[in-house]
Amino acid sequence: MAALNSTVPSALTELYSGLDFASLSWLEQTWVSWYAYIDNPTVATGLMSFLIHEVVYFGRSIPWIIIDAMPYFRKWKLQPAKIPTPAEQWACTKQVLLYHFTIEFPLIFLFHPTAEALGMQTYQVPFPSLKTMAPQVFLFFFFEDFFHFCAHQALHTGVLYKHIHKIHHKYSAPFGLAAEYAHPAEVFILGAGTILGPLIYCFFTQNLHIITVYLWIVLRLFQAIDAHSGYDFPWSLHNFVPFWSGAEHHDFHHMAFTNNFSTSFRWWDRIFGTDDKYRAYRKKVREAKKAMAGQSEEKKKEWEQALMRQIEKEGIEAEKEAEAKSLFGGSSKMD
Ligand SMILES: [Zn+2]
Ligand SMILES: [Zn+2]
C-alpha cells in the first residue's frame with residue numbers, strides 16, 4: 001500500500017483503498033498509476049481510448065506502407081496494377097487525422113460516463129481473466145459482423161451511398177490507411193456496430209471491464225486495416241480459418257463495388273447470396289489458371305488484368321444504379 005499511497009492522489013485514493021498494489025501485474029499497476037496520475041476517470045479513459053486508437057491504427061498501417069514500397073511483395077497484391085502512391089497515402093492520412101482530432105477526440109470523452117452508467121468497470125483492478133474475456137470478445141465480433149453486414153448494405157443505396165459511403169469507395173484498390181477513410185456519418189453508423197455490442201452486453205450482464213473492450217477494439221482495428229491492405233499471402237488467416245473474411249474478401253468489395261458486405265466473417269454473405277459475383281470471379285480465376293498452365297506468366301497476368309478491368313467496369317455501372325436506388329427498394333428516379 002505504501003507504493004500506492006505515494007502515487008495515488010486525492011480523488012482516487014478512496015477508490016483504490018484496501019488495494020494490495022504489490023499483488024497486481026505490471027499492466028494492472030500501470031493502469032492504476034495512469035488513473036491516479038490523471039486523477040479524473042473521465043479524462044483518463046478518454047485520453048487512453050484516443051491514444052490506443054491512434055497508436056494501433058497508424059502503427060498497424062506502417063508495415064503495409066513498407067510492403068507497398070517493396071516490389072518483392074507485388075506477387076501477393078490482389079490488384080497488382082494499382083499500387084497506392086506516397087502522395088495518395090499522405091492525402092488519406094491527413095483526412096483520417098483531421099476527422100480523428102476534430103470529431104472523434106471531443107466525443108471520446110463521452111465514453112467513460114456512458115460506460116459507467118451501464119455498469120462497465122473502468123479504473124478497477126484486477127482485470128478479468130482471459131477465460132472471461134475471450135467469449136465476450138467473440139460475441140462482440142459476431143455482433144459487429146452482422147450489424148455491419150446489414151448497415152453496410154443500407155449504405156449502398158440511394159442518398160446514403162451518394163452522400164456518405166461514396167467517400168469510402170474512392171479507392172477501388174484499398175490500402176491499410178484507407179480503412180477509416182470515410183464520411184464522419186459513416187464512422188458513426190458503422191462504428192455503432194463496434195461499440196454497441198459491449199454496451200448492450202454490459203447493460204444486461206453487468207460483467208464487463210473496459211480492458212476487454214480495448215482488446216476487442218484493438219483486434220477490430222487489426223481486422224479492418226488488414227482487410228483493406230490489398231494483399232493476400234499464403235499465411236493470411238482465411239487460408240487457415242475458411243470463414244474469416246480478410247483482404248481477399250473485402251478487396252473484391254472495393255474492386256467490384258458489390259458483394260461481400262460483412263467485416264470479419266464470410267457466413268452472412270454466403271447465406272444471403274451476396275457473394276455470388278465474388279465466388280464466380282474466384283472460380284473463373286481458378287479455372288483459367290488450370291487451363292493456362294502451360295502458358296507464360298505474362299499471358300496469365302494479362303488475362304487476369306483484363307478480367308479485373310471488366311469487373312471494375314461493371315462495378316462503375318452498379319455504383320450508378322446504387323445511387324439511383326431508393327433506400328426502401330425501387331428506383332428513386334421519377335421515370
Ligand atoms: Zn461498401
Ligand atoms: Zn472498405
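Biologist: What makes F257 buried in this predicted model?

Modeller: F257 has 23 other C-beta atoms within 10 Å. A residue is buried if 20 or more other C-beta atoms lie within 10 Å of its own, exposed if 12 or fewer, and partly exposed in between, with C-beta atoms placed from the backbone. F257 is therefore buried. Its place is in the loop between α11 (246-256) and α12 (267-271), where helices (H or I, at least four residues) and strands (E, at least two) are DSSP runs numbered from the N terminus. The phi of F257 is near 70°, a positive value in a residue other than glycine.

Biologist: Why does N260 count as buried?

Modeller: N260 has 26 C-beta neighbours inside 10 Å, so N260 counts as buried. N260 is found in the loop between α11 and α12, and has a positive phi of about 55° although it is not a glycine.

Biologist: Why is A151 called partly exposed?

Modeller: A151 has 17 other C-beta atoms within 10 Å, and is therefore partly exposed. A151 is found in helix α7. Leaving out residues up to four places away in sequence, A151 touches I189, L190 and G193; contact means that the C-beta atoms of two residues, placed from the backbone, lie within 7 Å.

Biologist: What makes α7 oblique to α10?

Modeller: α7 and helix α10 (residues 210-227) pack at an angle of about 50°, with their axes 10 Å apart. That makes α7 oblique to α10: angles under 35 degrees count as roughly parallel, over 145 as roughly antiparallel, 65 to 115 as roughly perpendicular and the rest as oblique. Axes are lines fitted to C-alpha atoms, for helices over the stretch in contact, and angles run from 0 to 180 degrees between N-to-C directions.

Biologist: Which residues make the contact?

Modeller: M133, Q136, V137, F140 and E144 of α7 and T212, L215, W216, L219 and R220 of α10.

Biologist: How do you know how confident the predictor is?

Modeller: By pLDDT, the predictor's confidence in each residue, from 0 to 100. The mean pLDDT of the protein is 92, and 93% of its residues reach 70 or more. Over residues 1-9 the pLDDT is below 50. Where pLDDT is low, the predicted coordinates should not be read in detail.

Biologist: What conventions apply here?

Modeller: Residues are numbered from 1 along each chain as its sequence is written, and chains are lettered from A and ligands numbered from 1 in the order in which they are written. In this predicted model, local features need pLDDT of at least 70, side-chain atom pairs count only at pLDDT 80 or more, and totals for chains, interfaces and linings use all residues.
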